[in-house]
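Q: Could you take me on a close look at the part of this protein around the ligand, and then at what sits beside it?

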Amino acid sequence: MASIKVHGSPISTATARVLACLYEKDLEYQFVLLDMKNNEHKKEPFLSINPFGQVPGFQDGDLTIFESRAITQYLASAYASKGNQLLSDDPKKAAIISTWIEVEGHHYDPPGVALSYEYLVKPLFGLGETDPAAVAENEAKLGKVLDIYENQLGKSKFLAGDTFSLADLHHIPNVHYLLATPSKKLFESRPRVNAWVAEITARPSWGKVLALRNQKL
Ligand SMILES: N[C@@H](CCC(=O)N[C@@H](CS)C(=O)NCC(=O)O)C(=O)O
C-alpha cells in the first residue's frame, strides 16, 4: 500500500496541482475522495489534517501537511531522484524557480481564481450570476500578469528556465479551467503565453489528472 495519501476532490484546482506533481514524479498514492457537497472537508477527521478546512490534505508516513504548493515542493525535493526533476540543486536556478512559484501564488492565482469563480463555480453551485464588473476587473489584472509572462517567455522556454518546473506546473489547473471560459482570450492573444499554455496542458501528467477526475465524477 502506498504511504502517500491525498485527501481532496479532483475538481479542486489545489488538489489537481498535487495530483499533477505526483504523476510527474511517477509516485504511487492513495486518493481519499472527500464529499465536499456534504462539507466533509469542514468536519473531523479532515480538520485534523487541515484545520482551515480546505482541500487538499496530504500524508506521507508520519508527515501530515496541507497547502498544495507546500506539498508539491515537498514531493519534488523528497523524491528528487524519481520521475521528472521539478526543482534544481543549483542554488541560483532554484532561486529563479522559487521566484516564479511566488509569482504564480501572489500575482497569477488571485485574479485566475476570481475568474474561475465567476464563470464556473457560481453556475456550478448555484451561487448567482457571473458579475461582469468582477470579470472586467480580474481580466485586467490577469492581463497585466500575462504581459509579464509574455516578456519572460521570450527569454526562456518555460517561466523559470528552459526546462519545465514546479513554477509552470502550479499554473496548470487554473489555466485548464479558464480555457473553458471567455477569459481564454487572455492566453490566446499572447503568442508566447499561448504556446506555453499548449505545452504545459499537454503534459501526460495532466492527462492522468483529467482521467482520474472523469472517473471520480
Ligand atoms: N492555498 C490553498 C487553497 C486551498 C483551496 O482553496 N481549496 C479549495 C478547493 S480548490 C477549497 O477547499 N474550497 C472549499 C472551501 O474553502 O471551503 C492550497 O493551495 O492548498
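**Around the ligand**

A: The shell around the ligand holds two nonpolar, six polar and two charged residues. Here Ala, Val, Leu, Ile, Met, Phe, Trp, Tyr, Cys and Pro count as nonpolar, Asp, Glu, Lys and Arg as charged, and the others, Gly among them, as polar. Do keep in mind that this is a predicted model, where local features need pLDDT of at least 70, side-chain atom pairs count only at pLDDT 80 or more, and totals for chains, interfaces and linings use all residues. Residues are numbered from 1 along each chain as its sequence is written.

Surrounding the ligand you will find S12, T13, A14, H41, G53, Q54, V55, E67, S68 and R69, each with its C-beta atom, placed from the backbone, within 6 Å of the ligand. Two elements give two or more residues to this shell: α1 (13-24) and α2 (68-78). Helices are DSSP runs (H or I, at least four residues), numbered from the N terminus.

Now for the neighbouring part. The chain is assigned domain 1 (4-85) and domain 2 (91-204), with bounds from an automatic or database domain assignment. Their C-alpha centres lie 21 Å apart. Ten residues of domain 1 are in contact with nine of domain 2, contact meaning C-beta atoms, placed from the backbone, within 7 Å. On the domain 1 side, α1 and α2 again each give two or more residues, and α1 gives the most, with six. That side divides into four nonpolar, three polar and three charged residues.

Definitions and conventions. Two residues are in contact if their C-beta atoms, placed from the backbone, lie within 7 Å.
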